[in-house]
Structure formats: C-alpha cells, structure tokens
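Let's take a friendly tour of a protein chain, from its overall fold to what sits inside. Have the viewer ready and follow along.

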Amino acid sequence: MLERDIESVLFTQEQLAQRVQEIADQITADYQGKEITLVSVLRGSFVFMADLCRRIDLPCTVDFMSVSSYGSGTSSTGQVQITKDLSGDISGRHLLVVEDILDSGNTLSYLLKLLEQRKPASIRLCTLLDKPDRRVKPVEVHYSGFTIPDAFVVGYGLDYAEHYRNLPYIGILKPEVYGG
C-alpha cells in the first residue's frame with residue numbers, strides 16, 4: 001500500500017545492509033580498545049542505529065535524544081527544539097551521534113555544540129544519508145552511508161508525517177504526496 005507513493009527505490013534492503021556493515025567495521029577499527037556510547041537522534045535514526053549497533057564489535061551503550069527542526073513539514077524551520085534529552089552523563093565518554101540524514105545542518109550543528117559542552121572524551125557523527133546540496137551550516141561527518149540528491153526520501157526509519165518509516169528500503173517519495 002505504501003509502495004504506491006514511492007517514485008523510485010534509491011537504496012534496496014540489501015544495499016543498506018551491506019553499507020551498514022561497512023560502517024560498523026570502520027567504527028570497530030577506529031574505536032578499538034574503547035567503549036562507545038551511541039546516541040540515536042530520534043525518530044528517524046532508530047532503524048539505522050539498531051542495525052549499526054548489532055554490527056559494531058565493541059562494548060557500547062546506547063542513549064536517545066529527540067530533536068526537531070521540521071515539525072510536520074518537509075524542510076527545516078531552522079528552530080531547533082530538544083523534545084527528549086539524554087538519560088545519563090556523557091562526560092568522559094566517547095560519543096557517536098547516529099543520525100538518519102544530514103540535510104541543512106541546522107539541527108546537527110546545534111546538537112553537536114550542545115553535546116560538546118557536556119565534555120565527552122570525543123564526539124563523532126555518523127549519518128546514514130548526506131544531502132550536501134541543502135547544507136546551510138557546516139557539519140563534520142565522520143561516517144556516512146550514502147550521499148544523495150536533493151529529493152524527499154522515506155523508508156528505513158525516515159518518514160513523511162510519521163508514515164513510511166517501516167519500509168525496508170529508502171525510496172523517493174512522489175512529490176504529489178507531500179505537495180512538492
């Protein structure tokens with residue numbers, strides 16, 4: 001039923017699984033001998049982080065934040081709001097912020113500065129999708145799954161108006177669905 005709203009599949013379930021494994025292998029190598037805390041930026045990254053976490057061969061803990069600059073629209077409002085903060089103290093910990101998509105950079109720029117003030121041992125960003133054509137604020141990405149064009153994508157945790165998160169692939173939403 002949801003498939004009828006998809007213009008085309010950008011990344012298949014198999015492509016996603018392969019890329020997540022490659023990222024996990026790199027993270028495992030980079031953090032050898034350390035424990036990391038994965039911070040999922042809810043809600044879009046929960047599927048990606050669950051898959052990534054299971055493939056990282058290191059001791060790790062997880063925590064969650066909910067940050068929004070979109071509301072129910074398709075583009076960032078530029079106003080960042082934290083709707084759920086971390087559960088624990090992160091000082092002295094190695095943080096890996098896990099995000100679904102890096103778009104304008106507004107949200108992640110704000111979030112990374114906020115987390116840095118809490119004195120972690122290190123902080124790196126892992127994003128499944130990078131959309132550089134929309135960037136208005138610079139953000140350093142340490143691990144990136146795929147660079148994508150400026151299209152509205154859904155699936156594998158990404159949504160439009162809270163729908164399509166359960167698609168096992170990432171697809172481009174038909175513009176007539178969101179009024180684009």
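The protein chain holds four helices and nine strands; helices (H or I, at least four residues) and strands (E, at least two) are DSSP runs, numbered from the N terminus. Along the sequence they follow the pattern β-α-β-α-β-β-β-α-β-β-β-β-α. This is a predicted model, in which local features need pLDDT of at least 70 and side-chain atom pairs count only at pLDDT 80 or more, while totals for chains, interfaces and linings use all residues. Residues are numbered from 1 along each chain as its sequence is written, and side-chain values use heavy atoms, with hydrogens and water left out.

**Inside the fold**
- Buried residues (under 20% relative accessible area, 1.4 Å probe, protein chains only) make up 47% of the 180 residues.
- In the largest nonpolar core, which has 30 residues, Ile27, Phe48, Leu52, Leu129 and Ile170 touch the most other members.
- A nonpolar core is a set of buried Ala, Val, Leu, Ile, Met, Phe, Trp, Tyr and Cys residues joined through side-chain atoms within 4.5 Å.
- Helix α1 gives the largest share of this core, five residues.
- A second, separate core of 17 residues includes Met65, Val67, Leu95 and Leu114.

**Contacts**
- Beyond its neighbours within four places in sequence, leucine 52 is in contact (heavy atoms within 4.5 Å) with Val20, Ile23, Ala24, Ile27, Val98 and Cys126.
- Of the chain's contacts with a separation of 6 or more, 66% join residues 24 or more positions apart.

**Overall extent**
- The C-alpha atoms fill a box of roughly 50 × 35 × 25 Å, taken along the principal axes.

Note on methods
Buried means under 20% relative accessible area, exposed over 50%, partly exposed in between (1.4 Å probe, protein chains only).
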